[in-house]
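Please brief me on this model: its salt bridges, its nonpolar core and the strands around it.

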Amino acid sequence: MKVLIALSAVLCVVLAKDQPRKAIVYLQGTSGVTGNVTISQSSCTEPVFIEINVVGLTPGKHGFHIHEKGDLTDGCASTGGHYNPDKVSHGAPNDQVRHVGDLGNIAADENGIAKTSYSDTVVSLYGARSVLGRAIVIHAEVDDLGKTNHPDSLKTGNAGGRVACGVIGILAPFDEPYGDCSSGQQGLLPAVITIVASILAARLLVV
């Protein structure tokens, strides 16, 4: 019985990496732009699902990025640059080379409403590169996705000023797992096998 209890406890720790996570962002700006974004991820090996609902924008496309700091002490200006842990050039969401925070553009209709949803395989709510606690920023202009000759194209997409922002916070409470998510699901099975073998071996020695 003690062996089963110990095994159950260990498995809970190992499998905590697969606990679903959900984050929320309340967006607000100085020009009447408001909205919210939810980010969901079912496990550390799955893409995130991003749902966006924003009002008060000027019609057309607007750069939409994750910035490095969840600091709003000076409004959107204090959120720093795009979240870019790999120190690479700015790009489009589907480019091989891009900032983690490069989420392209959102499009507002004639009423200033932008409502959309999509998946992303680079952003994560798990591990050392989690975006929890960072910020989402909406820009005044279209993001050129790093495809023009403008001096800021490969840095910011030349997306202009910041019209709204918000900190990425926890929506659905979850337990913080032990360790990182670098190995994902493929690393779970060997770990479980090793743990089970160790516990059974110790049990046999006692007997």
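The notes below go topic by topic.

This is a predicted model: local features need pLDDT of at least 70, side-chain atom pairs count only at pLDDT 80 or more, and totals for chains, interfaces and linings use all residues. Residues are numbered from 1 along each chain as its sequence is written, and side-chain values use heavy atoms, with hydrogens and water left out.

**Salt bridges**

- The count comes to 3 salt bridges, each defined as a side-chain nitrogen of Lys or Arg within 4 Å of a carboxyl oxygen of Asp or Glu.
- Side chains of opposite charge can pair when their charged atoms come close.
- D86 pairs with R129, with the closest N and O atoms 2.9 Å apart. The pair links distant parts of the chain: D86 sits in the loop between β5 (73–76) and β6 (102–108), and R129 in the loop between β7 (114–120) and β8 (135–139), 43 residues apart.
- Helices (H or I, at least four residues) and strands (E, at least two) are DSSP runs, numbered from the N terminus.
- D86 counts as partly exposed because its relative accessibility is 41%. R129, at 38%, is also partly exposed. Buried means under 20% relative accessible area, exposed over 50%, and partly exposed in between (1.4 Å probe, protein chains only).
- D95 and K147 meet in a salt bridge at 2.7 Å, N to O. This pair also links distant parts of the chain: D95 is in the loop between β5 and β6, K147 in the loop between β8 and α2 (153–156), 52 residues apart.
- D95 has 25% relative accessibility and so counts as partly exposed. K147, at 55%, counts as exposed.
- R98 forms a salt bridge with D120, the closest N and O atoms being 2.8 Å apart. D120 lies in strand β7 and R98 in the loop between β5 and β6, so the pair ties together parts that are 22 residues apart in sequence. Both D120 and R98 are buried.

**Nonpolar core**

- A nonpolar core is a set of buried Ala, Val, Leu, Ile, Met, Phe, Trp, Tyr and Cys residues joined through side-chain atoms within 4.5 Å.
- The largest one holds 29 residues; V37, I39, V54, L57, I136 and I138 touch the most other members.
- β1, β2, β3 (48–55), β4 (60–67), β6, β8 and β9 (162–172) each supply at least two residues of this core. The largest share, 4 residues, comes from β3.
- Contacts of I39 (heavy atoms within 4.5 Å), not counting residues up to four places away in sequence, include V48, F49, I50, L125, I136 and I168.

- 5 of the 5 residues of β8 are buried, so the strand is largely enclosed by the rest of the structure.
- A135, V137 and H139 point one way from β8, and I136 and I138 the other way.
- In a regular strand the side chains alternate between the two faces of the sheet.
- β4 and β8 run antiparallel, joined by 4 bridges; two strands pair if DSSP finds at least two bridges between them. H65 stands opposite V137 in β8.
- β8 also pairs with β9 in the antiparallel sense, over 5 bridges. There, the bridge partner of V137 is C165 in β9.

**The loop at G32**

- G32 is found in the loop between β1 (21–28) and β2 (34–41).
- G32 touches V55 and G56, not counting residues up to four places away in sequence.
- The C-alpha atoms of G32 and A164 are separated by 8.6 Å, with the two residues 132 residues apart along the chain.
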